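Me: I am new to this structure and would like to go through it step by step. Could you take my questions as they come?
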Amino acid sequence: MSQRVYLFTRFERFWHWGQAALVLVLLFSGFAIRGYHDLLHFGPAVRLHETAAWLLIGLWVFAIFWHFTTGQWRQYIPTLERIGAMVRFYAYGIFLGEPHPYRQTPQRKHNPLQRLAYLGVKLVINPLVWVTGLAYLFWEPLRELAPAWLGLEQVAGLHVLGAFLMLAFVIIHVYLTTTGHTPLAHIKAMITGWETLHDDEVIEPRPRKG
Amino acid sequence: MRGQNSRPGLRCLVGLVLLWALPALASTADHRQFAELEGPFASGEEVTEACLGCHTEAAEEVMATRHWTWEYHNPLDGEVLGKKSMLNGFCIADRSNEAFCQSCHIGYGWEDETFDFSNPFKVDCLSCHNTGDYKKVAGLAGHPAYERTEYPPGSGKFHGPTDLVEVARNVGPTSRETCGSCHFYGGGGDGVKHGDLDSSLVDAHRDLDVHMAVDGGDFRCSTCHQTESHAVPGSRIQVSAVDDNRAIRRGEQTDRNPATCQACHGNAPHEEGPMATRLNEHTRALACQTCHIPTFARGGVPTKMGWDWSTGGQLDEDGKPFQRKDDDGHVIYDSKKGDFTLGENVVTEYVWFNGDVTFTTTETEIDPDNAPVPINTYHGTPGGEDSRIWPVKLFHGKQPYDTVHNTLLVPHVAIPDDSAFWFNFDWAKALEAGTEAAGQPFSGEFDFVETTMLWPITHMVAPDEQALKCGSCHADEGRLADVEGVWLPGRDRHQLLDRFGFGLAGLMLLGVLGHGALRIATRNRRKEH
């Protein structure tokens, strides 16, 4: 027996994939600006990076609005509940074919590790990238307001730090998408919105509080 | 229909304005009709006397300028500079060679220190205001050849005669030709010194210089070097390197140098395109010339990038001086002068520059063990508000110095006599005579030392589409690879941060690959389960 659950609404999926594409473009063009590769010339890389950045900022504005109006921000409230079981599963149980210790429901789409990771992205990486990126963009007018220790060099460094953290997140995130029932199961769900829950993973959702 | 009908009217109006404006650009006086200019004139001085009969203040004005005095007091350190006494790495020095070099003096008769700087009739009006057929012959101390003259005597080179009446009756405003007759030929030949000034600018095409191009702005030099009372603004000794201002308005009273880019374009000249603001922000660190003059000596005239005097004086089997030419027919060795390194389409060097320049003079003690000796030094603060990154021509010389006094020496080279180098090929005699004329102590011991000299690159502005691209500098081995004082994305990185970042990403990648491999390895066990 398996059960199909509609987990990801159309906006969520659009936001997710839009963000994914923009983040990859930003990493690629940003590393060209940094001089790590020369697959793009500096000028075109800057234009691409800035265009993608503004699109991503626009998308974030919509997403933040969506999260608060729909109450979906609650999906990211961190919890330590069963986190030990989660860690044990990925470190050990997954190799033994143990069932996933977390049951997805539309009310609780993310397991405790996901919650922590996504919250980290939203509260640490994104703001770091966003603030330093805007400071980078508008450095000339900001320069005179900045304290003496803060130069373009520091702004660039923090921005790149954000980029590296994002890159690390992307690597882990992309890998973990393959840990579903089949390697592509989670990706399919993110495309169609429908996640197929299998017998051993299906439990009745808890009654919602309030 | 109404719009169509109004067009011919508009055209008529434009035509009328042009008809009115074009003659207005010329003088209101036709000098050909002046009885004063009917001559005959036996000498240039007599022409000047005729000019001053109407232009009563002109000589006084000219005599107050550096074009006349060849003297300049560096406001930075009070050093007495100016062509009269300065040293360079090309033709080295003026002293003792006046009759030759002063063919570029706007006067008549300066051949030694007895020249009378207070005699207004010695001012050469024609040198700047001729419209052709007037040439001051090197060797004649600023005079043209009034008669047909062989100079140097016995050389087979003939000059003149000059029809002074014809030249005087056809005077006009200065032009690229008249200014260029000296400023294009500094250092003894076309394009030798500056690199951004040579005869190709007389009939410049747009790719060479958007402003002076015949098919572009068709500017004369004075369009930018707007001259008042015969004082021409602009100097390579005290350069207006930073002009962080809006454009000068017509009629505005200002002390600003009218020849800067900003005087017309302002300090935020980029208006079009998504990068306009970004480019305007670059003006905090960059001179306009840095991006807009991609290379110099672009007009087909090579400039001298190097000059080695130490090899001068070689003679052929017959004991005669000779020249060697490169494949393009340009002289690269001359017994009189030594070896040359030529350059065309030269990529500039870049320095932080606040406009201040100091010079090695005949009195400066040099350190020959620390060669090359900088003949001039450009001052500036990397990253400073008072400085900009400027394009410069970096010239390499090798020239005589006194091994006892450690000073660069003034040689006597150009006047046909028994001590000039060009006619005797004897350095000892040439330096003896040159230093004596310059009043410079000379021990008699000399050798050659490598020198450098910087020249600001500010002419030959290319069309905007040929300006440097972002990646010209924002790259590892870009044009500004060695320029400090700015954080330059694309060139600058944080080594530790990068190691951490790629290390982190690498660890993540290793981790997931290991995890994935384990999952694959344990796949069967799970299936059994």
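Me: How far apart do the C-alpha centres of domain 1 and domain 2 of chain A lie?
Reply: In this predicted model, the two centres lie 17 Å apart. Domain 1 of chain A covers 17–69 and domain 2 covers 71–203, with bounds that come from an automatic or database domain assignment.

Me: What about the numbering and the cut-offs?
Reply: Residues are numbered from 1 along each chain as its sequence is written, while chains are lettered from A and ligands numbered from 1 in the order in which they are written. As this is a predicted model, local features need pLDDT of at least 70 and side-chain atom pairs count only at pLDDT 80 or more, whereas totals for chains, interfaces and linings use all residues.

Me: How many residues of the two domains are in contact?
Reply: Nine residues of domain 1 of chain A are in contact with nine residues of domain 2 of chain A; contact requires C-beta atoms, placed from the backbone, to lie within 7 Å.

Me: Which element gives the most on the domain 1 side?
Reply: On the side of domain 1 of chain A that touches domain 2 of chain A, α1 (10–34) and α2 (42–70) of chain A each supply at least two residues. The most come from α2(A), with five residues. Helices (H or I, at least four residues) and strands (E, at least two) are DSSP runs, numbered from the N terminus.

Me: Where is B:Asp356?
Reply: B:Asp356 is in the loop between β11 (349–353) and β12 (357–359) of chain B. Not counting residues up to four places away in sequence, B:Asp356 touches B:Leu76 and B:His379.

Me: Why does it count as partly exposed?
Reply: B:Asp356 counts as partly exposed because it has 19 C-beta neighbours inside 10 Å. Buried means 20 or more other C-beta atoms within 10 Å of the residue's own, exposed means 12 or fewer, and partly exposed is in between, with C-beta atoms placed from the backbone.

Me: What is the mean pLDDT of chain B?
Reply: The mean is 92, and 94% of the residues of chain B reach 70 or more; pLDDT is the predictor's confidence in each residue, from 0 to 100. Over residues 1–25 of chain B, pLDDT stays under 50.
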